[in-house]
Structure formats: C-alpha cells, structure tokens
Amino acid sequence: MNDWPEGWSGDNRGSGYGRGSASARPESARVMRQVRRGATPPPGPGPSAPPYGAGVPQQPSYTDGQGYGGDGYDSGYNTGQVYGGGGGGQGPGRQVRDRPAPDWRRRIKWTAITVVTVLVVTTVGTYFWADSKLNREVDLSKVIERPEAGEGTNYLIVGSDSREGMTADQKKDLHTGSAEGKRTDSMMILHTGDNGSTLISLPRDSDVEIPSFVGSESGKEYPGTGRHTKLNAAYAEDGPELLVRTIEHNTGLRLDHYVEIGFAGFANIVDAVGGVEMDIPQDIKDKKSGADFKKGKQTLNGEEALAFVRTRYALAGSDLDRTKNQQKFLSALASQVATPSTVLNPFKLYPTMGAGLDSLIVDKDMGLFDLASMFWAMKSVSGGEGTSMNMPISGSVGGNLKWDDAKVKKLVEELKNDEKVTVSGN
C-alpha cells in the first residue's frame, strides 16, 4: 500500500531531506561531517564527492590539525583556544600578557630621594637637639675696654675644678676633694686661622695685673688699683668675665669665645668616647691626683684621664709640665672624637655629644659650628699641623711665674695678624 500522495514516489522525492520531510531515510549527510585525517590529497582528476542535498553547502574537512582545510576558518578546538586568544594553553578565557621590565632608573631615583630626605631630617634634628643643650651662660658683652679684633678666631678654653653635681663617691673616686665653689685648674688660648692652629697654655700661677672691671652679677664698676696676683685668682674673684678681662688686659689679644668644662664633665666625655690612648713618657705616681701610671702607650678611662691632666707634684717642671700634658691629652681627645668610628657610629656619637654638651659652659655667641671648628683645630694640633706651647716665661716674682714681655708682645702680634707663630714658649 502506498501512503504517498498521488504522483509522489521514492523516485521523484529527489534528494530533499530538508525540513518537514516525512522520509524515514536517515539524514546522515547533515548529521555527520566528513573528517579526513592526514595530508590533503593532491589535486587532480578523480571522482567528485557525491552531491549534497539541495541548499546545503559543502562542508570543509580537517586537513592540518588547525582548522578546516583551505578556507581560513579556525575553530580553535585543536589548540585549546576556544574562548579567546592569548595562546599558550593558559586556560579558557584567560589572556596572559608579558610583565613589563622594571624601571631601574625610577627606582634608583626614588631610593636616592628617600635616603637624602632621611639624612637631611636626621641632620637638622640632631643640630637643634645639640644646640638646645649648649649652656650659654657667659656674657662677654659685660667685659669692658676690649682690644680690637684681629684675624682668625681666639678661644679661651678653661678647665675648672667645679664639683657641681658630683656625689660623695664620685669625689672620692676622682680624688677631687670637697672644696666649695670652683677655680680654674687649667687655661689655654686656641688660635685658629689660615696659617694653622696654635694652642697656648697659661699657667695658673702666672703673675698678672687685675684691671678695672664691671661685676658680672652686681653690674658695679671696680676701678683698677695695679694689684698683681695669680691668674686663677681672677676667675675665683668674679668668674669667667673677669678672667677674660684680665687676660685681654695683660696680653692685648681679644678673645672671641669662651669654653669651660668641669671635672665630672671631662671624665664623662672620655668614658663616652671609649677612652683615649696616650703615650706616657715616664712612670707617674701622685697621691693627690690619684695618678699611678707606667711608662708607655695605654688607654685611659675618665678617672685615669682626670688624674693624668691634674698631676703636677710628681713632675719635675710642676705646673709647666702639667700644662704640656693637658695640651697633649686634649688634642688626643679631640682626635678620638673626630674619628669615623665615633662620628659614623650613632651609638657612640650621641652619648659623646650628650656628655660633652651637658658639661660645657660657653659664651652666649657660641654656636655649634664654632664648637666644631674648635675641636677640629685641636685635632690638627695633635696631628702635627699646628703648634702647642706654654706662654713664654722669663722667671718668677713673689712666687708667681712672670711672663717674658718681649716674647709675649711678639706672639700676640703674630696671632693678631694670623701669621705663622715663630715665638717659642717654655
């Protein structure tokens, strides 16, 4: 029985297996693609593929594992690049880009800026911290009838026997005794200029005239009477201002700055810097100062250093030999403070600065740069670039040391003109 409409048969249905076809014939031509593996056969005569159904274009076949042969289409199935480019089988939909090379010039620039900023902030902070610790107690404007200023800079460096702030145990350990008040234990003039530095010790027993002066506390004027006494008596009578006035009057040399340090401060600085190496030329034993040294090189701590610079009774030249030892030690101390191991080590630099600045008494016009210049000048003296000497002495009068007037005049003239010193001292 033929269920097809009249005029339709299996022969006249053609190859139209399209939509709506009721044929039971499988539509294999539409369902299965022809996949050809291997190389594409060379072109040439041969049987052509059977025609496809009407309206169905011929489908390309795989030929190279990357797409359908010859038509430029690439499905991406064989490379794993189904959902996007970027390649390399990195996963569906993920695009991987090359990371840019580091910009080293920029990194170096910002590192340098950071380092400079830290250094500037640290330096400025240290400056204001140190400046605030200076004890500017001496007012040189109270000094009257001052000589004219010369070339270079002149510092008066004073070591006092002040025991202020010391405990009973410290006084015992440092052999200072318990005398009230304070006196000058050492006095030096340091000249700095273009022709090197000169360090001149003024023996405390020097015979000087006390001139007219204005009291540092009372403001009262005291006329000069021609009275002669020991130099350290001027300090005991009216402090730093009268001492400066007396030295200027007896020498004719203007003093630009004043620096003073007491017993405890001196010892603290030496300990903070880690001790100072000295080459002691002879055995020294002095019960009064506590000195007990053997000849040769050794590192002195604060207590030992103070005993060394105070010793005079065990020395042949007494006070004159003591001033020479003081010069040697202070120059060595300045050299030790200025070494890279101290300056570049904050764990040593700040304690040293703290100990020194807490102990120093300076004039009101003294700045940190002036103080640094003083230390560098003292260092140059110890390095052989400067001169150290005692004030020239011609003899004694009334138990006091008398200066050599002619040599002192020549020395002061050379210092005022910042010339190389040719005068020798004792």
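Predicted model: local features only at pLDDT ≥ 70, side-chain atom pairs only at ≥ 80, totals over all residues.
Visitor: How many helices and strands does the chain have?
Guide: The chain holds 426 residues, and buried residues make up 38% of them. Of the contacts with a separation of 6 or more, 65% join residues 24 or more positions apart. As for secondary structure, the count is eleven helices and 17 strands.

Visitor: Which element gives the most to the lining of the largest pocket?
Guide: The largest pocket is lined by 26 residues, and those nearest its centre are Thr126, Val343, Leu349, Met353 and Ala372. At least two lining residues come from each of α2 (104-133), α7, α9 (346-359) and α10 (368-382). With seven residues, the element that gives the most is α9.

Visitor: How many charged residues does the lining of the largest pocket have?
Guide: The space in this pocket is about 920 Å³. Sorted by class, its lining has 20 nonpolar and six polar residues, while the number of charged residues is none.

Visitor: What is the volume of the largest cavity?
Guide: The model contains four cavities of 30 Å³ or more. The largest cavity is lined by 26 residues, with Ile157, Gly159, Ile261, Phe266 and Leu330 nearest its centre. Its volume is about 360 Å³.

Visitor: Which element supplies the largest share of the lining of the largest cavity?
Guide: Elements that give two or more residues to this lining include β2 (153-160), β3 (184-192), β9 (257-261) and α5 (263-272), and also α6, α7 and α10. By class, the lining has 18 nonpolar, five polar and three charged residues. The largest share, five residues, comes from α7.

Visitor: Which residue's side chain makes a polar contact with the side chain of threonine 311?
Guide: Serine 289 is among the residues that threonine 311 touches. The two side chains also make a polar contact, at 2.7 Å, and the partner is therefore named as serine 289.

Visitor: What is the phi of serine 318?
Guide: Serine 318 is found in the loop between α6 and α7. With a relative accessible area of 30%, serine 318 is partly exposed. Most residues other than glycine have a negative phi. Serine 318 is not a glycine, yet its phi is positive, at about 50 degrees.

Visitor: Is aspartate 418 buried or exposed?
Guide: Aspartate 418 lies in the segment after α11 (405-416). Although not a glycine, aspartate 418 has a positive phi of about 55 degrees. Since its relative accessibility is 8% and the cut-off is under 20%, aspartate 418 counts as buried.

Visitor: Which residue of β17 is the bridge partner of isoleucine 393?
Guide: Strand β16 (residues 393-397) and strand β17 (residues 400-403) pair in the antiparallel sense over four bridges. The two strands form a hairpin with two residues between them, and glycine 398 in the turn has a positive phi of about 60 degrees. In β17, the partner of isoleucine 393 is tryptophan 403.

Key
Residues numbered from 1 in each chain as written. Heavy atoms only, no water. Polar contact = N/O pair within 3.5 Å; in protein donor to acceptor, adjacent residues only side chain to side chain. Contact = heavy atoms within 4.5 Å. 1 Å grid on protein atoms, 1.4 Å probe; cavity = no way out; pocket = protein on both sides within 12 Å on 5 of 7 lines; lining within 4 Å. Points joined across faces, edges and corners; volume = space filled by probe spheres on them. Nonpolar A, V, L, I, M, F, W, Y, C, P; charged D, E, K, R; others polar. Pairing = 2+ DSSP bridges. Buried < 20%, exposed > 50% of the residue type's maximum accessible area, 1.4 Å probe, protein only. Lists of a residue's contacts leave out its neighbours within four places in sequence.
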